[in-house]
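Please read this report with the sequence and the coordinates side by side.

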Amino acid sequence: MGRWNNIRMRCAFRYLFCALLMILTFVTIQLAVLSEKRNGIGKNLFFNFDNKAVTEGTSSPGKVLAAVVGASVQQYKASGKLKQLPVAITWSEYRANPQLLCGNPLIDTYGTNDPSKMGENGSGIILVGSEKEKATMLISEYNVNVYASDRIPLNRMVPDARFPGCNVVPYPKDLPSTSIIIPFYDEWPSILLRTIYSIVNRTPRQLLQEIILVDDGSKMPQLKDDLDKYVDTHFPKGLVKIIRVPERRGLIQARLMGFENSTGDVIIFFDSHMEVNIDWLQPLLAEIKHDRKTVAMGTLDYIQLDSMEYKYYHDYMTRYGFDWRLVFFETFFRNDQIGSTPEATRVGTVMVGAAYAIDRNFFKEMGTYDNGMKVWGGENLEMAWRIWLCGGRLVHAPCSHIGHVARSQPYDFPGGRQAVEQYNYKRAIEVWMEPEHKELVYNYFPGMRTLDAGDLSERMRLKEKLQCKPFSWFINHVWPELFVLQQNVTAWGSARNLHTNRCLDNHQYLFQAAEPLYAETCHYQLATQGFSLTKDKLLRTSLQCVVIKSMTAGARPKLEDCIIGPRDTWTHRQGSQIVHEATGLCLDLDNEGPIMMICDDQAITQMWQFNTYVV
Ligand SMILES: [Mn+2]
């Protein structure tokens with residue numbers, strides 16, 4: 001095999017050195033195999049079996065550097081350009097001159113990657129047989145295929161996920177410098193390192209101020225000294241900073257600690273399992289340079305948790321939304337929100353927790369995060385509301401793509417996720433929502449009404465100081481799709497069938513594809529049985545309208561998104577029929593649920609009553 005031939009060839013000239021090297025290599029492999037048997041594969045950060053560019057001793061990490069090097073690096077070395085690890089250059093020296101090499105082949109040879117390597121160019125890994133079994137076991141333990149991650153290059157390239165037009169978008173020359181803040185808690189080492197390599201290799205170096213890792217009390221031993229040594233020997237000095245939080249304080253606090261220790265003009269929070277795409281940073285910074293009160297979001301691509309394949313939409317972009325239960329979901333842009341080209345900036349509603357850029361002073365002026373919140377959850381909604389209501393704006397930069405491993409967070413929630421979320425939600429809605437909006441949220445979470453969410457006085461003072469707009473402004477201008485049941489309606493509440501005491505029910509459905517309209521025993525909880533007849537004659541619930549797909553008697557009515565979907569109109573008189581205008585059919589009810597029938601004044605199953613009529 002190539003590697004052994006290589007070593008033998010070199011041995012002809014330097015047999016003593018090579019004998020030592022071979023023994024060392026052998027011992028290293030044995031140790032790794034042993035530790036693998038003991039601990040499961042990949043427990044050692046520095047023994048990446050398939051990524052031989054840099055392999056270090058497992059027994060004393062950091063001491064045996066570059067013991068085994070792969071063929072591409074051999075060639076590179078032969079060209080005389082490679083400096084021996086450890087990397088000695090400082091980040092400011094390296095930054096000042098885009099031509100400089102740093103001595104780490106994973107950085108210096110980036111761009112000439114061997115495309116035949118597993119996982120290269122964002123391809124996924126397909127495992128078979130015993131490898132597959134091992135990986136499956138590890139996925140159930142770590143929620144991500146750590147086995148696959150250990151087998152693909154730390155510096156792999158990814159496919160260009162951008163709209164074709166992004167290639168020619170010009171960006172201003174003097175963009176602000178950026179600190180990237182990456183909190184982590186028990187992140188798998190090769191996934192964390194790939195996040196860092198992707199940033200170093202795909203970010204113009206003059207724009208990158210620093211990468212700040214915040215270890216939020218990880219328990220994995222590999223993330224302590226080994227990580228320190230790896231960072232120390234593989235990246236230019238001062239580029240990657242590690243902050244250790246002795247006791248876990250949660251993602252929000254960890255982000256804030258990273259922020260306090262950062263020095264860039266702009267800050268970007270990352271998850272610890274991401275891979276940035278080509279020219280990902282410039283579009284975000286261009287938005288902020290244009291208007292410093294802009295928060296710019298990248299487009300998230302999907303790294304499959306089982307295969308590590310980098311996936312993306314070719315001609316589609318996701319918009320984010322939320323409903324009254326504060327569930328964050330993906331939806332789509334209205335036609336009027338898409339510019340003249342697909343790559344034009346789009347207005348945003350709410351943000352995901354990570355991968356947004358904000359001017360550091362603006363972040364401070366806006367009151368950073370509510371540090372009374374716990375762990376994470378809800379902070380992304382609160383921040384988006386605050387930005388919009390207090391004078392900022394939130395946009396999607398379509399040309400900035402960032403891959404994200406779609407895994408459940410390695411973060412756990414002391415006290416349970418639901419309790420933490422509700423605590424955070426309560427803090428957010430008490431500060432920002434008006435009573436009628438809070439009421440709609442409490443309808444989903446009755447327990448939240450009496451929940452003690454701690455001291456909010458500081459956040460209330462902030463709202464006062466920034467002279468923020470009322471929440472209804474946000475609904476009217478930013479997220480009009482979020483339906484307020486009692487606004488602009490002629491009837492609202494629950495729609496009860498007079499014959500059966502069953503009410504129209506949405507089964508808490510919130511997606512765009514058509515779903516059956518249901519009827520269930522009336523309980524009058526607005527969360528599932530809140531329906532309205534609007535002034536423009538839509539029969540609607542949370543995010544959907546009632547529509548019919550087949551215009552004949554016997555059709556089952558559907559719930560379908562009416563942001564850009566169909567908007568059927570209906571007429572109704574109190575305690576009487578609900579008539580579909582286009583067909584003249586009446587909403588009826590049989591044993592299977594709502595059904596469209598020929599109107600019949602004598603049919604009591606066609607009589608409906610809303611809780612409240614507005615005259
Ligand atoms: Mn994540």
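The buried residues of helix H6 pack against helix H7, which spans 146-151. This is a predicted model, in which local features need pLDDT of at least 70 and side-chain atom pairs count only at pLDDT 80 or more, while totals for chains, interfaces and linings use all residues. Residues are numbered from 1 along each chain as its sequence is written. Helices (H or I, at least four residues) and strands (E, at least two) are DSSP runs, numbered from the N terminus. A residue is called buried if 20 or more other C-beta atoms lie within 10 Å of its own, exposed if 12 or fewer do, and partly exposed in between, with the C-beta atoms placed from the backbone.

H6 covers residues 129-142, and its 14 residues reach 20 Å from the first C-alpha to the last, close to the 20 Å expected at 1.5 Å a residue; the expected span is 1.5 Å times one less than the number of residues in the helix. Which residues of H6 are buried? They are Ala-135, Leu-138 and Tyr-142. These residues cover an arc of only 65° around the axis, which puts them on the same side of H6, the arc being that of the directions from the helix axis to the C-beta atoms. An α-helix has 3.6 residues a turn, so residues three or four places apart point the same way. On the other side of H6, the exposed residues are Gly-129, Ser-130, Lys-132, Glu-133 and Ser-140.

The loop between H6 and H7 holds Asn-143, which has a positive phi of about 60° although it is not a glycine. Most residues other than glycine have a negative phi. Asn-143 is partly exposed, with 15 other C-beta atoms within 10 Å.

**Two further loops**

Met-308 is found in the loop between strand S6 (294-303) and strand S7 (310-311), and its phi, near 65°, is again a positive value in a residue other than glycine. Is Met-308 buried or exposed? With 28 C-beta neighbours inside 10 Å, Met-308 counts as buried.

Asp-315 is found in the loop between S7 and strand S8 (319-322), and with 7 C-beta neighbours inside 10 Å it counts as exposed. Asp-315 and Ala-161 are 154 residues apart in sequence, and their C-alpha atoms are 9.8 Å apart in space.

**Val-405 in strand S12**

Val-405 lies in strand S12, which runs over residues 393-405, and it counts as buried with 24 C-beta neighbours inside 10 Å. Two residues are in contact if their C-beta atoms, placed from the backbone, lie within 7 Å. Leaving aside residues up to four places away in sequence, Val-405 touches Val-144, Ile-191, His-273, Ile-303 and Leu-305. The C-alpha atoms of Val-405 and Tyr-302, which are 103 residues apart along the chain, are separated by 6.0 Å.

| Partner of S13 | Residues | Bridges and direction |
|---|---|---|
| S17 | residues 531-534 | four bridges, antiparallel |
| S25 | residues 608-613 | five bridges, antiparallel |
| S14 | residues 502-505 | two bridges, antiparallel |

Trp-492 has Ser-532 in S17 as its bridge partner, Arg-496 stands opposite Gln-609 in S25, and Asn-497 stands opposite Arg-502 in S14. S13 and S14 form a hairpin with four residues between them, and Asn-501 in the turn has a positive phi of about 60°.

**The chain as a whole**

The secondary structure comes to 18 helices and 25 strands, and 43% of the 615 residues count as buried. Among contacts between residues at least 6 apart in sequence, 73% join residues at least 24 apart.

The mean pLDDT of the chain is 86, and 86% of its residues reach 70 or more, where pLDDT is the predictor's confidence in each residue, from 0 to 100. Over residues 1-73 the pLDDT is below 50, and this stretch has 89 contacts in the model beyond near neighbours in sequence. Where pLDDT is low, the predicted coordinates should not be read in detail.

Definitions and conventions: Pairing = 2+ DSSP bridges.
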